[in-house]
Amino acid sequence: KFINNPLIVFEMANNHMGDISHGIKIIKQYSKFIKRYKLNFAIKLQYRDLNSFIHKDFKKRKDIHYIKRFLDTKLSLNQFDKLIKTIKKYKFKTISTPFDENSVKLIKKQNLDYVKVASCSFGDWPLLEEIVKLKKPIILSTAGASLDSLDSVVSFLINRNKKFGLMHCVAEYPTENKKLNLNQIDFLKQRYQGIPIGYSSHEHPDNYDNIKIAISKGAQIFEKHVGLE
């Protein structure tokens, strides 16, 4: 186990809007929680090597939302370094989601505290092979993963003596209350005993009850998308 105190992950994703000053403003704003609560807090970024991540034939497509979003919010390596430096300055733990093998190399270079595996990458074996080479705890979101895939990835990580945790997650933004399926936390805890289980939430912003329920079920890691106007 690598969790001895609840870990709260603030997911910045692309909410820096491609503006380094706005990203720093988010970090400063959320640092007030570190002073108020004796918990472990982290700010998470997302890394994509956009030169290779987006196929050359698609880079000019404006009709595909995510391609436009990624390109419009692109940051340079120096800007990511500056964000990480600011995150550490305000006493947050550092964590990033790599979506390709080149981004794993950046995590190693920056010496981040944790590596996050997105639910869409849960069965991405070439990516996982690179991630396990890092001597970092791994947190994996499980949305959409089949039971066979869950068992295979857990076995893969155990056999490599990795410290890791699993996050219940619903890949719907926002997630309607009737689809939160919080009993999945019970299922993961029972099937993978001894492995920290968490909850990555995509619920409506005014819903606080699901976090209370997740805590009562024994979740130890929490992830929430954050941003500012």
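Author: Start with the core. A nonpolar core is a set of buried Ala, Val, Leu, Ile, Met, Phe, Trp, Tyr and Cys residues joined through side-chain atoms within 4.5 Å. Buried means under 20% relative accessible area (1.4 Å probe, protein chains only). This is a predicted model: local features need pLDDT of at least 70, side-chain atom pairs pLDDT 80 or more, while totals for chains, interfaces and linings use all residues. Residues are numbered from 1 along each chain, and side-chain values use heavy atoms, without hydrogens or water.

Reader: Which residues have the most contacts inside the largest nonpolar core?

Author: L140 and L166, in a core of 51 residues. Contact means heavy atoms within 4.5 Å. Beyond four places in sequence, L166 touches F122, L140, T142, V154, Y192, I195, P196, I197 and G198. Another core, of 10 residues, lies apart and includes F2, V9, A42 and M167.

Reader: How do I read a pocket?

Author: On a 1 Å grid over the protein atoms alone, a pocket is an open set of points where a 1.4 Å probe fits, with protein on both sides within 12 Å along at least five of seven lines; lining residues have an atom within 4 Å of a point. Here the largest pocket holds about 890 Å³, the space filled by probe spheres set on its points, which are joined across faces, edges and corners. Its lining has 34 residues, with A13, Q46, Y173, H202 and H225 closest to the centre.

Reader: What volume has the second largest pocket?

Author: About 660 Å³. The second largest pocket has 22 lining residues; I8, F10, Y208, I211 and K224 lie nearest its centre.

How values were computed:
Buried < 20%, exposed > 50% of the residue type's maximum accessible area, 1.4 Å probe, protein only.
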